[in-house]
Amino acid sequence: MTKPRIALVTGASRGIGRAIALGLAQRGFDLAINDIASQATALDAVAAEARASGIRAMTYHADVASKPEVQAMVARILQDFGTIHAVVNNAGILRASDVEHCPEDYWDSVMDVNAKGTFLVTQAVLPTMKAQNYGRICNISSIGGKHGAPEQAHYSASKAAVMGFTRVLAQEVGPFGITANCICPGIILTDMGRVNLDDPAIRGAWQAKTAMARIGDPDDVAGPVAFFCSDDSAFVTGQTLNVDGGIVLS
Ligand code: NAP
């Protein structure tokens, strides 16, 4: 990277998004970090921590599932930074239920944030990326979108949607110097990951399924995301990379 790049990371107040934002800051990216308004204090803390790396970091409150909020956010980022080089669509939610009893609003909210949010943020940044003939889009899917687990059918569907979206997006935007790739985290210790990890038996079972014989840390995801946001991955697009310590082996 020859000059400072500007990256937008959604859902960056905690967990994997926070680790991605700090990882990009350590690699010299200026940051526009997003979360919903109720996470303002936590998001401010991430921005302050990122600035310790000597970069610019600003916070933007928006629900990624709301088109007006996403468009307003991207307009403000463009005013503040002038452009956006990389986007990490990380914001996501998990609401567990089996299919038979899954309330309709679980389906809708999970699809809205995980799948539609990725689409809306991507759509909002594309005119800028196309105009500058450069862009890096990294979408956070999940190994749950490939295999999944009981009580997560709607989550799995949303993450499979992100992978399908990314493969077609890559074909559309490639001629404009824009790459689009997916990361599929495995079992990572965050507030969301604890759904799978609070029960010691379940935690042990996941650990046993993992080649590295450990649960993932949010920082484990930061490096692979930074690769997809950098010029080291200039000829890599439409790909899905498992970052799971070796649960899904391919
Ligand atoms: P997390 O700890 O729950 O953090 C997710 C962040 O996204 C939270 O700050 C959350 O805010 C924010 N967010 C939720 N809805 C949003 C919206 N509509 N607009 C903007 N921000 C929103 O989850 P995580 O474990 O770090 O997960 C990050 C990403 O990795 C997600 O896409 C998730 O599906 C994926 N992933 C996680 C794992 C895992 O094991 N942890 C595995 C595979 C994939 P709130 O606090 O208000 O919800």
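Is Cys229 buried or exposed, and at what relative accessibility? At 2% relative accessibility, Cys229 counts as buried. Here buried means under 20% relative accessible area, exposed means over 50%, and partly exposed is in between, with a 1.4 Å probe and protein chains only.

Before going on, a word on what you're looking at. This is a predicted model, where local features need pLDDT of at least 70, side-chain atom pairs count only at pLDDT 80 or more, and totals for chains, interfaces and linings use all residues. Residues are numbered from 1 along each chain as its sequence is written, and side-chain values use heavy atoms, with hydrogens and water left out.

**The whole chain**

The protein chain has 8 helices and 7 strands; these are DSSP runs numbered from the N terminus, with helices (H or I) of at least four residues and strands (E) of at least two. Its radius of gyration is 17 Å, close to the 18 Å that the globule rule gives for 250 residues, so the chain is as compact as a globular protein of that length. That radius is taken over C-alpha atoms, and the globule rule is 2.2 Å times the number of residues to the power 0.38. Along the principal axes, the C-alpha atoms fill a box of roughly 50 × 40 × 35 Å.

Buried residues make up 51% of the 250 in the chain. As for contacts (heavy atoms within 4.5 Å), take those between residues at least 6 apart in sequence: 72% of them join residues at least 24 apart.

| Residue | Relative accessible area |
|---|---|
| Asn139 | 0% |
| Cys229 | 2% |
| Gln152 | 9% |

Asn139 sits in strand S5, which covers residues 135-140. Leaving out residues up to four places away in sequence, Asn139 touches Asn89, Thr118, Thr122, Val162, Phe165, Thr166, Asn181, Cys182 and Ile183.

Gln152 is in the loop between S5 and helix H5 (153-173).

Now back to Cys229. A disulfide is a covalent bond between the sulfur atoms of two cysteines.
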